[in-house]
Amino acid sequence: MDMKQYIEEAEAALLHTYNRYQIVWDKGDGMYMYDIEGKKYLDFVSGIAVFALGYNNKAYNDALKAQIDKVIHTSNYYYNIPAIEAAKKIKKVSGMDRVFFTNSGAEAIEGALKAARKYAFNRDGVADHEIIAMNHSFHGRTMGALSVTGNPHYREAFEPLIGNVKFADYNDFDSVKAAVTDKTCAIIFETVQGEGGIHPVDETFLKQVRALCDEKDILLILDEIQCGMGRTGYMYAWQRYGVKPDILTSAKALGCGVPVGAFMLTERVAANSLTSGDHGTTYGGNPLACAAICNVMDQFEELNILENVNEVGEYLYKKLDEVVAKYDYLKEHRGIGLLQGIECNGPVSEIINKAMEKGLLLINAGMNVIRFIPPLIVSKQNVDDMIDILVEAMDSLENK
Ligand SMILES: *Cc1c(COP(=O)(O)O)cnc(C)c1O
C-alpha cells in the first residue's frame, strides 16, 4: 500500500479527533524520522517532547527487550524491581519523596488533584475545597485534567467538569491572590506553559505563589509533564528557581516513548493525603514502563544530557533570535533550554507545512506559535541544518 491508501484506511477506521499531517511513519534513527516512502526528516518535535534520547537508541531498545524477555506486567498488588529502581531514581533527580506511577500525563494530573483534595479533606473534615488553575494552561484531556485546563474551547462541550475550579492569569500574582479563599486547597500551573504558547514562569510570580501557599497551607502543584525531564536544562524546571512544589507531575520524556507518567509528593503531603485504597491503576508502574524510566535516567547521566541542553539550547536561542530579526512575520521569541517558541503575526501552519515539505518537522503551540522541542541529544550542527531549512521555507512563502 502507498501512503495515500494508508491514510484513507486510517481515516476510515480511527476516530477523527486529530487533523493529522499527511505522513505515515516507518522508523526513526537518532535525530531523523523516515516515512514509508523513505523520505528523511530532521525532527524538532520528538513526538511532542517525548523522545529525548533520539530514535532507535540502542541501549534503550536493549533495556526494553531484556525486560520483555522477563516480564512486562505483574500488578500493583506485588512489588517489581524496575518500579523500585525507577522510583529511587526519580526521587533522586526530583528531590521529591514519594512517587505514584501512571500511564500518561493526564492521569498524573488526576492523581495530583485527588491528593490535594484528600489532603484538605483530612485537615478540615469537609469536601468543599477549591483549586486555582491558570488561563491558557494545558493539563490533559481526561475530565479532571480538563477541569483545570484554561482553554474554554477544550472544555465547553464536556461541562459539568469537576467543580470548584477557578482560573487566574499566569504570571499575574494579583489575579491569583484575588482567586484565593479559605477553601483553596491547591494552585496548579505549568512551570513553562507548553501548549499555551511557550510561556516560562516569572520567577517573582513563582516565589510569591510559593509564599502564599506556605502562609495559607495551600498545595502548589507544578505540572512538568512537558517542561520537565531536562528540557529546560534542569531535570525539573522549578529547580532553576529553587521553588519546590508540594506535588509534581511528570510524563512525556519520562519513558521516552513507553506510555508512563508519575506524580510525586513531598513526605508531608504524602503522609497526610492518599492512603491505601484511595487510588490505584492496573498498568501504572509496570516493569516494562519502569525499565524504560530506569534506562532513560541512566542515559541522562551517562550522556550529560543537561549539559547538552544548556549548551545547544543557548545556541538555538541565538540562532532563532537572528531569524526572528529577519522576518516581520515573526514577532517574538520565548523559551528556555530546548523548549522554545516563536510567536508569529498570524497562523503558523503554512510555515510548518513548507518546512515539512523540505524535510524538517516542526509543530505549533496554539495557532500562532512555532514550537521547537527537539530530542535532547540535538547538536549545534542539527540546529544549523534546521535553521537553513526554516529560512528556506520562510523565503519561499509570499508575504512572510
Ligand atoms: C502533554 C501534557 C499533558 C497531558 O499528558 P498526556 O500524556 O497527553 O495525557 C499534561 N500537561 C502538560 C503540561 C502537557 O504538556
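This is a predicted model: local features need pLDDT of at least 70, side-chain atom pairs count only at pLDDT 80 or more; totals for chains, interfaces and linings use all residues.

Me: At what angle do α13 and α14 pack, and how far apart are their axes?

Reply: Helix α13, residues 349–357, packs on helix α14, residues 380–396, at an angle of about 120 degrees, and the axes are 9 Å apart. That angle makes α13 oblique to α14.

Me: And what is the angle between α12 and α14?

Reply: The angle there is about 20 degrees, with the axes 10 Å apart. Helix α12 is therefore roughly parallel to α14, since angles under 35 degrees count as such. The crossing of α12 and α14 is right-handed.

Me: Which residues make the contact between α12 and α14?

Reply: From α12 they are Glu311, Val312, Tyr315, Leu316, Lys319, Leu320, Val323 and Lys326. From α14 they are Lys380, Val383, Asp384, Met386, Ile387, Leu390, Val391 and Asp395. By type, the residues of this contact divide into 10 nonpolar, no polar and six charged.

Me: Staying with α14, is Asn382 buried or exposed?

Reply: Asn382, which has its place in helix α14, is buried, because its relative accessible area is 9% and the cut-off for buried is under 20%.

Me: Which residues is Asn382 in contact with, leaving aside neighbours within four places in sequence?

Reply: They are Met31, Tyr32, Leu42 and Phe44.

Me: Changing topic to the sheet: what is the order of its four strands?

Reply: The order is β13-β14-β17-β16, in an open sheet with antiparallel pairing. Its edge strands are β13 (330–336) and β16 (363–364), each of which pairs on one side only.

Me: Over how many bridges do β16 and β17 pair?

Reply: Strand β16 pairs with β17, residues 369–372, over two bridges in the antiparallel sense. Ile363 stands opposite Arg371 in β17.

Me: Which strands does helix α12 lie across?

Reply: Helix α12, residues 305–326, lies across β13, β14 (339–344) and β17. Relative to β13, α12 runs at about 170 degrees.

Conventions: Residues are numbered from 1 along each chain as its sequence is written. Side-chain values use heavy atoms; hydrogens and water are left out. Two strands pair if DSSP finds at least two bridges between them. Contact means heavy atoms within 4.5 Å. Axes are lines fitted to C-alpha atoms, for helices over the stretch in contact, and angles run from 0 to 180 degrees between N-to-C directions. Angles under 35 degrees count as roughly parallel, over 145 as roughly antiparallel, 65 to 115 as roughly perpendicular and the rest as oblique. Buried means under 20% relative accessible area, exposed over 50%, partly exposed in between (1.4 Å probe, protein chains only). A crossing is left-handed if the near helix is turned anticlockwise from the far one by less than a right angle, and right-handed if clockwise. Ala, Val, Leu, Ile, Met, Phe, Trp, Tyr, Cys and Pro count as nonpolar, Asp, Glu, Lys and Arg as charged, and the others, Gly among them, as polar.
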